[in-house]
Amino acid sequence: MEKRKSPPARKKSAAPLSSGTIVASFGRQFSVELNDGAVVSCVARGKRTDIACGDRVAVAITGRGQGVIENIEPRTSLFYRSDIQREKLIAANVTQIAIVLAVAPPYHRELLDRCLAAAEDAEIPALLVLNKMDLPGADAALESLQLYRRLGYEVLPLAAKIDLTPLRVRLANHTSVLVGQSGMGKSTITNRLVPDAAARVGELSHALGGGRHTTTHARLYHLDSTSRIIDSPGLQEFGLQHIEAARLAHCFVEFRSRLGHCKFNDCRHLSEPACAIAAAAQHGPIDVQRLESYRKLTTQLLKKQKRWS
């Protein structure tokens, strides 16, 4: 499946165009912050839906506070998930993915591995934020992430209800997307970073039709003139159907130095003999659970690709 970054350009209208950024979306309606700071409610030309929070767009103003998205500017990055039938765009033009985990409820390791694989595929740096460090069990939860530290991922311990300073430092001069399971504390983090976030979400919801649930779509907030965050809905699953099975191994960073050293050139690292990845897991350099995460995901990808080929 072809890796995507920017959608194709569409025919523009004759109306003068204004540049802006998608700051919220509700189905086929979008909230666009123009360069002058004004926020307009927009629909997309041709009812297109391949638009993500953080996209830079060209808008034709059609009325007071209303407009039509005519075009999307080329993206520098795109973070998204997918199953065999559809893609779910999460955020565009981000420079960092902050994966929010928590001491309690426990995070799902397989979901974490999938988020990291998607980040590697999109070539976006990932930061692991372990929230609720003020709760019992914090030391054990932090110890469980030492593997990821050894792989080169930064792990940031945090007690969002007490002190957000460590996270503020890491978000500075970035456009970061916050992702994670429900219950990890993303809303707490967002509301403390942006005290009027809840009120602003309510205003956007009303502007885009009213009565909408406030946690089902990504939203962009400014922290300062050079730092922005995109808060995304809580994840229950993370499909990676857009990643070819042959490329997936490269998205597990500890596999890379051993790729090409298996007996067979087309080794999938599942159950083939003389597999360099399996040998490394058996003798220690590669974590067995990480290999199992990879194998489970690869098996799913191969089955779905075969079914739909």
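Predicted model: local features only at pLDDT ≥ 70, side-chain atom pairs only at ≥ 80, totals over all residues.

Biologist: How many aromatic pairs does a search of the whole structure find?

Modeller: Four.

Biologist: Why is the pair of Phe 252 and Phe 255 called stacked?

Modeller: The ring centres are 5.3 Å apart and the planes sit at 20°. Pairing needs centres within 6.5 Å, and stacked means planes under 30 degrees apart, so this pair is stacked.

Biologist: And what makes Phe 252 and Tyr 294 edge-to-face?

Modeller: Here the centres lie 5.6 Å apart, with the planes at 80°. The cut-off for edge-to-face is over 60, so that's the label this pair gets. Phe 252, Phe 255 and Tyr 294 form one aromatic cluster.

Biologist: Why do you say that Phe 252 and Tyr 294 tie together parts of the chain?

Modeller: Phe 252 is in the loop between helix 7 and helix 8, while Tyr 294 belongs to helix 9, so the pair links parts 42 residues apart in sequence.

Biologist: How do you know whether Phe 252 is buried or exposed?

Modeller: Its relative accessible area is 1%. Buried means under 20%, so Phe 252 is buried. Tyr 294 also counts as buried, at 1%.

Biologist: What about Ser 77, buried or exposed?

Modeller: Ser 77 has a relative accessible area of 4%, so it is buried too. You'll find Ser 77 in the loop between strand 5 and strand 6.

Biologist: What makes Ser 77 and Val 94 a polar contact?

Modeller: A polar atom of the Ser 77 side chain lies 2.7 Å from the backbone oxygen of Val 94. The limit is 3.5 Å, so the pair falls within it.

Definitions and conventions: Residues numbered from 1 in each chain as written. Heavy atoms only, no water. Phe/Tyr/Trp six-rings, centres within 6.5 Å; stacked < 30°, edge-to-face > 60°. Helix = DSSP H or I, 4+ residues; strand = E, 2+ residues; numbered from the N terminus. Buried < 20%, exposed > 50% of the residue type's maximum accessible area, 1.4 Å probe, protein only. Polar contact = N/O pair within 3.5 Å; in protein donor to acceptor, adjacent residues only side chain to side chain.
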